[in-house]
Amino acid sequence: MATAGLTHNYFELFNLPADYDLDLTELSTRYRTLQATVHPDKFANATDLERRLSMQQSALINEAYQTLKNPLLRARYMLQLKGVDLSVESSVSMDSGFLMQQIRLREELEQVRSQKNPEAKLLVVAKEIEQAIAEQVVVLTGLFKEGNEKKLPQIADYVRRMQFMVKLQQETEALEEELIS
Amino acid sequence: MALIQISEPGKSAAPHQQRLAVGIDLGTTNSLVATVRSGMPVTLQDENGRSILPSVVRYLANGSVITGEAAKKAAIIDPLNTISSVKRLMGRDIADINASSGDIHYEFAETGSPAPRIKTVAGNVSAIEVSAEILKQLKHRAEQALGGELTGAVVTVPAYFDDAQRQATKDAAKLAGLNVLRLLNEPTAAAVAYGLDKKAEGVHVIYDLGGGTFDVSVLRLNRGVFEVMSTAGNSTLGGDDFDRAIANWLKQQAAISSNVDQSLVRQLIQKACDAKEALTDADSVTIEISDAANGISWHGTLTRDILRGLIDPLISQTLLPCKRALRDAGITRDDIADVVMVGGSTRVPRVRELVREFFGREPLVDVDPELVVAIGAAIQADILVGNKPQDEMLLLDVIPLSLGIETMGGLAEKIIQRNTTIPVARAQEFTTFKDGQTAMSIHVVQGERELVSDCRSLAKFELHGIPPMVAGAARIRVTFQVDADGLLSVSAKEQTTGVASSIQVKPSYGLSDSEIEHMLRDSMSHAEQDVTARNLREQQVEADRVILALQAALKADGERLLSTDEIRQVQSKLEMLQKTRQGNDHAAIKRAIDDLNQASTEFAARRMNESISSAMAGHKLDDFGR
């Protein structure tokens with residue numbers, strides 16, 4: 001038998017259906033219940049062996065929770081479970097509409113610093129990015145629901161788009177940090 | 001929750017005996033120790049009824065050491081041998097210290113190593129040793145008050161402390177002879193004291209401005225679970241800086257040259273601190289400075305308005321981390337249930353004013369801001385030591401600063417982002433740069449900046465014996481593990497051959513285990529026997545723990561989870577340990593424990609696996625009576 005927990009995928013760990021449309025409140029409730037079972041604080045008084053296992057399990061549950069909670073990481077993880085690894089993908093083809101949007105958002109982001117009210121402008125860009133990600137989540141939810149192997153390339157396409165958006169989002173956050181400090 | 005019982009093996013030995021555990025707030029200016037007595041958390045007092053121990057240590061020429069109030073009083077007459085605010089030096093090298101704050105009142109020895117050692121009449125001492133003196137004093141106070149040896153202690157650290165500072169604190173506690181149950185973040189400790197007191201729910205902000213450090217944490221409280229959503233801060237900013245700003249103003253007003261002796265500097269700082277405290281209630285305060293040796297006699301008035309001009313820039317520096325913490329937690333000001341003030345420096349009315357303005361609400365100050373951290377630590381210590389097996393409290397904390405390693409071009413590649421919940425383990429693969437490369441140097445850094453030179457260097461280690469391959473063919477997997485104390489360990493393994501390398505991250509200016517052992521030896525009267533006796537006792541305690549835990553586990557689940565053959569194997573190692581335990585050979589006991597652990601790892605893993613499944617299988621959270 002393999003080491004505890006490792007035999008389960010993250011969904012099985014929380015005993016939740018492997019569905020992209022995940023009940024996040026239920027996930028966090030179950031997360032807290034699991035941590036209450038395995039967290040190192042519950043084993044402070046236990047043997048070295050139990051403490052080591054507890055730390056490993058607790059770390060695994062944290063990782064699983066962080067992955068499932070986040071729409072991009074969850075999508076990538078679900079693809080990975082189906083044998084699609086986006087990190088080794090090389091050829092990326094994007095439709096022109098999406099590319100244009102990317103270019104425009106990037107340009108706007110670059111111009112933020114020179115604006116009269118950079119924080120307000122940044123907020124506008126950040127809102128648009130947030131909106132775009134929310135829409136991608138909706139599309140992905142639909143695609144995953146169809147549960148069709150043939151849809152996998154299309155799902156992978158959308159996940160890549162989301163990656164671009166999340167990257168942009170991280171850049172807006174870095175810029176925000178620059179502006180507040 | 002049935003399976004938690006495996007974590008309480010000692011209980012069957014002495015079911016009614018309360019174990020002695022304390023929480024210690026090791027502060028920049030003041031330290032405290034607290035415990036839970038008859039279910040009530042209380043701070044422990046010295047023979048004069050004082051809870052607060054000034055974090056000041058004085059070294060005398062005869063080698064003796066004075067700690068606390070008496071040392072603080074001597075600061076003016078003996079400034080060079082009286083060490084205060086040593087917390088600012090923890091986990092820091094001389095370059096950091098010179099860069100961070102100008103006025104350090106003592107002299108550093110030229111030791112050729114980056115670890116700062118302070119010159120005193122009793123010899124050179126490190127920040128870790130000075131901190132250990134404060135901890136020893138608190139340990140002594142606790143053992144006097146509680147009438148027995150402590151089982152363990154929870155020691156608090158600023159949430160924004162990096163790995164080097166945490167490691168230094170843990171080393172100091174070990175050196176003081178404390179069994180550290182957990183390093184606990186100060187704002188989290190405050191939240192525990194506050195939350196349990198108020199039965200609070202929802203999102204809380206803890207604003208913790210101490211003598212030398214500032215932390216802000218955003219926590220979500222939900223039925224006994226304290227989930228830290230984000231933390232930010234500044235580990236070189238605190239009320240000490242207010243005093244310094246006032247002291248500089250005094251210097252200007254009294255036309256004192258910047259080149260004066262340490263005794264006068266200490267006097268000015270003391271006057272500044274007194275004035276600051278007086279202005280908590282009064283609108284203005286009269287200050288007198290007289291120093292015959294320097295021919296100075298001056299008196300004047302400090303008003304709240306002048307004070308405001310001096311400290312506003314400092315208080316503003318705390319508001320940036322507040323913004324960042326809210327953003328990292330993904331919340332706005334409207335989501336906050338309460339803002340709680342912690343730390344002695346939040347007594348300054350102007351701090352409260354600016355915090356109120358920033359958060360748009362009245363901050364809570366009803367729990368004593370100076371005692372609350374120690375109280376929270378005591379509550380957690382009581383639970384960790386096993387006095388409250390049914391307690392549902394759970395603390396989920398985060399790392400304050402991202403961890404990464406150096407890649408080509410001096411860039412830092414982040415492996416674990418700041419505000420990730422701990423414990424956490426994460427691995428990343430790297431490869432070789434040149435054909436035939438057989439070694440790889442791994443440089444671990446902590447911080448948010450892109451360039452390695454702007455981050456804190458935690459450790460460097462080398463992985464040797466990589467089989468020669470073409471560039472890019474080797475697969476070196478580097479695993480970062482941060483435990484529940486927020487302490488990092490790193491291991492690296494070449495995947496194709498299995499060459500492994502592992503280190504406990506220790507900064508070059510920390511203490512090695514052998515140094516700690518050496519210092520412990522020095523501090524004991526009968527060095528050799530004491531260390532041997534101590535080792536033996538430690539191994540015996542662990543042996544008893546293992547035996548009891550395994551017997552209980554076998555009884556509960558042995559037949560269900562193990563084959564007859566597996567049970568026989570575990571049993572034989574168990575009997576071996578029981579036999580070895582009777583002897584006096586600590587190394588043999590340790591070997592027997594390791595053997596038994598090896599034989600029972602699979603069993604323990606299956607049990608934990610089962611506890612996870614049963615916690616989730618078809619149950620709703622309410623089924624657990626939470």
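1. Both faces of β1(B) are covered: A21(B), G23(B) and D25(B) lie on one side, V22(B), I24(B) and L26(B) lie on the other, and all are buried. The strand spans residues 21-26 of chain B, and 6 of its 6 residues are buried. In a regular strand, side chains alternate between the two faces of the sheet. The model is a predicted one, and the points below should be read accordingly.

2. Two strands of chain B pair with β1(B). On the parallel side, strand β10 (residues 152-157) of chain B is joined to β1(B) over 5 bridges. Within that pairing, G152(B) in β10(B) is the bridge partner of A21(B). Strand β2 (residues 30-37) of chain B pairs with β1(B) in the antiparallel sense, again over 5 bridges. Here A34(B) in β2(B) stands opposite G23(B). β1(B) and β2(B) form a hairpin, with 3 residues between the two strands.

3. Strand β5 (residues 56-59) of chain B has buried residues pointing both ways: V56(B) and R58(B) point one way, V57(B) and Y59(B) point the other, and all are buried.

4. β5(B) has antiparallel partners in β7(B) and β6(B). With strand β7 (residues 82-84) of chain B there are 3 bridges, and the two strands run antiparallel. R58(B) stands opposite T82(B) of β7(B). With strand β6 (residues 65-67) of chain B there are also 3 bridges, again antiparallel. T67(B) in β6(B) is the bridge partner of V57(B). β5(B) and β6(B) form a hairpin with 5 residues between them, and in its turn G63(B) has a positive phi of about 90°.

5. R166(B) deserves a separate look. The residue sits in helix α4 (residues 163-175) of chain B. Which side chain of opposite charge is nearest to R166(B)? That side chain is D163(B), 6.5 Å away. A salt bridge requires a side-chain nitrogen of Lys or Arg within 4 Å of a carboxyl oxygen of Asp or Glu. R166(B) is buried yet has no salt bridge.

6. The surroundings of R166(B) can be listed, leaving out residues up to four places away in sequence. R166(B) touches V157(B), P158(B), A159(B) and F161(B), as well as L183(B) and N185(B). Its contacts also include P400(B), D485(B), G486(B) and L487(B).

7. Turning to the interface, 48 residues of chain A are in contact with 59 residues of chain B. The area buried between chain A and chain B is about 4700 Å², and carbon and sulfur atoms give 59% of that area. R32(A), K42(A) and N45(A) supply 15% of the area that chain A buries against chain B, more than any other three residues. The size of an interface is often given as the accessible area lost when the parts come together.

8. The polar side of the interface comes next. Between chain A and chain B there are 4 salt bridges. R32(A) forms a salt bridge with E227(B), and the closest N and O atoms of this pair are 3.8 Å apart. The count of residue pairs in polar contact between chain A and chain B is 10, with both residues at pLDDT 80 or more. On the side of chain A that touches chain B, α2 (24-38), α3 (48-69) and α7 (152-180) of chain A each supply at least two residues. α3(A) gives the most to that side, with 14 residues.

Definitions and conventions. Residues numbered from 1 in each chain as written. Chains lettered and ligands numbered in written order. Predicted model: local features only at pLDDT ≥ 70, side-chain atom pairs only at ≥ 80, totals over all residues. Heavy atoms only, no water. Helix = DSSP H or I, 4+ residues; strand = E, 2+ residues; numbered from the N terminus. Buried < 20%, exposed > 50% of the residue type's maximum accessible area, 1.4 Å probe, protein only. Lys, Arg positive; Asp, Glu negative; His and termini not counted. Contact = heavy atoms within 4.5 Å. Pairing = 2+ DSSP bridges. Buried area = accessible area lost by both parts, 1.4 Å probe. Polar contact = N/O pair within 3.5 Å; in protein donor to acceptor, adjacent residues only side chain to side chain.
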